[in-house]
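Q: Please show how the features of a protein model may be read, taking each general idea before the particular case.

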Amino acid sequence: LIEVSSHLAGDMVSVTVRDNGNGLPETVDPGNSKGFGLMLVKSITDYLNGTIRIERNSGTNVILEFRK
């Protein structure tokens, strides 16, 4: 199952992509990943001057936060 959601609070935008799979290993770091998907997400986050957070519980949640 994959779920994509967004939230606007004031001038902050939060975009979350969540799945219920096995999850990413703790060793995976979006800032140093060689995988194309995380490299792309990191590039978009940098372009938007935002932050990226990964939560690893019951699958994986990737949260991008940036100003609108």
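Q: Which residues line the largest pocket?
A: Rolling a probe the size of a water molecule over the atoms shows where empty space is left. On a 1 Å grid over the protein atoms alone, a pocket is an open set of points where a 1.4 Å probe fits, with protein on both sides within 12 Å along at least five of seven lines, and lining residues have an atom within 4 Å of a point. Here the largest pocket is lined by Ile2, Val17, Arg18, Asp19, Leu24, Gly37, Leu38, Val41, Thr60, Val62 and Leu64. Strand 2, helix 1 (36-47) and strand 4 each give two or more residues to this lining. Helices (H or I, at least four residues) and strands (E, at least two) are DSSP runs, numbered from the N terminus. This is a predicted model, in which local features need pLDDT of at least 70 and side-chain atom pairs count only at pLDDT 80 or more, whereas totals for chains, interfaces and linings use all residues. Residues are numbered from 1 along each chain as its sequence is written, and side-chain values use heavy atoms, with hydrogens and water left out.

Q: How much space lies in the largest pocket, and how do its lining residues divide?
A: A volume is the space filled by probe spheres set on the grid points, which are joined across faces, edges and corners. For the largest pocket this space is about 190 Å³. Its lining comprises 7 nonpolar, 2 polar and 2 charged residues; Ala, Val, Leu, Ile, Met, Phe, Trp, Tyr, Cys and Pro count as nonpolar, Asp, Glu, Lys and Arg as charged, and the others, Gly among them, as polar.

Q: What is the order of the strands in the sheet?
A: Two strands pair if DSSP finds at least two bridges between them. The open sheet of 4 strands has the order 1-2-4-3, with antiparallel pairing. Strand 1 (2-9) and strand 3 are the edge strands, each pairing on one side only. Strand 3 (residues 51-55) and strand 4 (residues 60-67) are joined by 5 bridges in the antiparallel sense. Within this pair, Ile52 has Leu64 of strand 4 as its bridge partner, and Glu55 stands opposite Asn61.

Q: Where does helix 1 lie?
A: Axes are lines fitted to C-alpha atoms, for helices over the stretch in contact (heavy atoms within 4.5 Å). Angles run from 0 to 180 degrees between N-to-C directions. Helix 1 lies across strand 3 and strand 4, at about 20 degrees to strand 4.

Q: Is Thr16 buried or exposed?
A: Buried means under 20% relative accessible area, exposed over 50%, and partly exposed in between (1.4 Å probe, protein chains only). Thr16 belongs to strand 2 (residues 12-19) and counts as buried because its relative accessibility is 10%. Beyond its neighbours within four places in sequence, Thr16 is in contact with Glu3, Val4, Ser5, Val62 and Ile63. By comparison, Asp46 is found in helix 1 and is partly exposed, with a relative accessible area of 41%.

Q: What is the phi of Asn49, and what is that of Ser58?
A: Most residues other than glycine have a negative phi. Asn49, although not a glycine, has a positive phi of about 55 degrees, and Ser58 takes a positive value near 55 degrees. Asn49 lies in the loop between helix 1 and strand 3 and is exposed, at 72% relative accessible area. Ser58 is placed in the loop between strand 3 and strand 4, and at 74% relative accessibility Ser58 counts as exposed. The hairpin of these two strands has 4 residues between them.
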